[in-house]
Amino acid sequence: MFFGAPVLLGLLYFLFFLNSTGFRWGPFGNVVGIVRIEGPIGATERASAENIIPILEKAFGNPNVKGVVLHIDSPGGAPVEAERISTAINGLKAKHRKEVVAVINNLGASAAYMVALNADKIIAAKYSFVGSIGAIMAPWQLDKAIAKVDVAQRVYASGKLKAFLNPFTPVSPEVDRKAQQLVDQMGGFFLAEVKARRGRALKSGVDFGTGEVWPGPEAKELGLVDGVATVDDFVATHWGMKTYDYGPSADSSPFLTRSLQDAIAGAVRRLALSGPAVQ
């Protein structure tokens, strides 16, 4: 007890420490891997390409994972981050030949729906909101406010539209046209991708580029999703397997870098798998 108790307590503390970092043992046996795309999509958010892509690689690369669910609950965000995640999904699908299903929980809008388009199927619940297909730019216009206190900003730019998003200068008709042109182009790219990915499933005669969202059943009627179900029901009926949550989880320790977490996890696995040696 004198020697064993401190070792046991140290081991328990270490296991608790690993659990707080998001490390999990397994998966053991055949499972469906859950990859969470939750919250805003952005470079500094939990749903960033930097966080999501390594998790996708782990899920696809594990032979025990027989299918991957993209668990989406996001209002969208940065389109380039969504593009990076989408590119990774398509590359991993081609390499590992695993079925990918996007399941929308409460919200799958804008850039989040852009990610969902790269799955083999899209599922939404009855009370999910789906859509918001388009682009938006909302800069502040503060020139009238600062003019009331007799303050103005002088801007020197190499081109007439170099500072077109500066909130402290008046918006000229030319600037207004340029800003609208940009969002129209980005929205057009998004709408073209929706039509290319969803194809004949889309209901004809519907303007999908209005930026509105639809509840799950209506989204299915319009062809934006393939079925109406919750993630639990769909996994149970489609695969009949247990799930393994790859995260990223909200309670993962932010002070540990991924490289450190991977190093610790690798060391623990090597210790667990190593047998006695005679020298």
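This tour moves through the structure stop by stop, naming what to select and what is found there.

The model is predicted, so that local features are reported only at pLDDT of at least 70 and side-chain atom pairs only at pLDDT 80 or more, while totals for chains, interfaces and linings use all residues. Residues are numbered from 1 along each chain as its sequence is written, and side-chain values use heavy atoms, with hydrogens and water left out.

**Salt bridges**

Begin with the salt bridges, of which the structure holds eight; the term stands for a side-chain nitrogen of Lys or Arg within 4 Å of a carboxyl oxygen of Asp or Glu. Helices (H or I, at least four residues) and strands (E, at least two) are DSSP runs, numbered from the N terminus.

Glutamate 38 is buried at 17%, whereas arginine 36 is partly exposed at 23% and aspartate 245 is partly exposed at 25%.

Next, select lysine 121 and glutamate 99, whose side chains meet in a salt bridge of 3.1 Å, N to O. This pair links distant parts of the chain, with lysine 121 in strand E4 (residues 121-124) and glutamate 99 in strand E3 (residues 99-109), 22 residues apart.

**Loops**

Move to the loop between helix H5 (143-147) and helix H6 (173-198), where proline 167 is found. Proline 167 and leucine 142 are 25 residues apart in sequence and 5.4 Å apart in space, C-alpha to C-alpha. Aspartate 150 also has its place in the loop between H5 and H6; its phi is near 60°, a positive value in a residue other than glycine, and aspartate 150 is exposed, with a relative accessible area of 73%.

Serine 132, in the loop between strand E5 (129-131) and H5, has a positive phi as well, near 55°. As background, most residues other than glycine have a negative phi, and most peptide bonds are trans.

Select helix H8 (residues 231-238), in which Val231, Phe234 and Val235 are buried. They cover an arc of only 95° around the axis, which puts them on the same side of H8; the arc is that of the directions from the helix axis to the C-beta atoms. The face of H8 turned away from its buried side carries the exposed residues Asp232 and Thr237.

The last stop is in helix H7 (residues 216-222), where glutamate 218 lies; glutamate 218 is partly exposed, with a relative accessible area of 34%.

Terms used:
Buried < 20%, exposed > 50% of the residue type's maximum accessible area, 1.4 Å probe, protein only.
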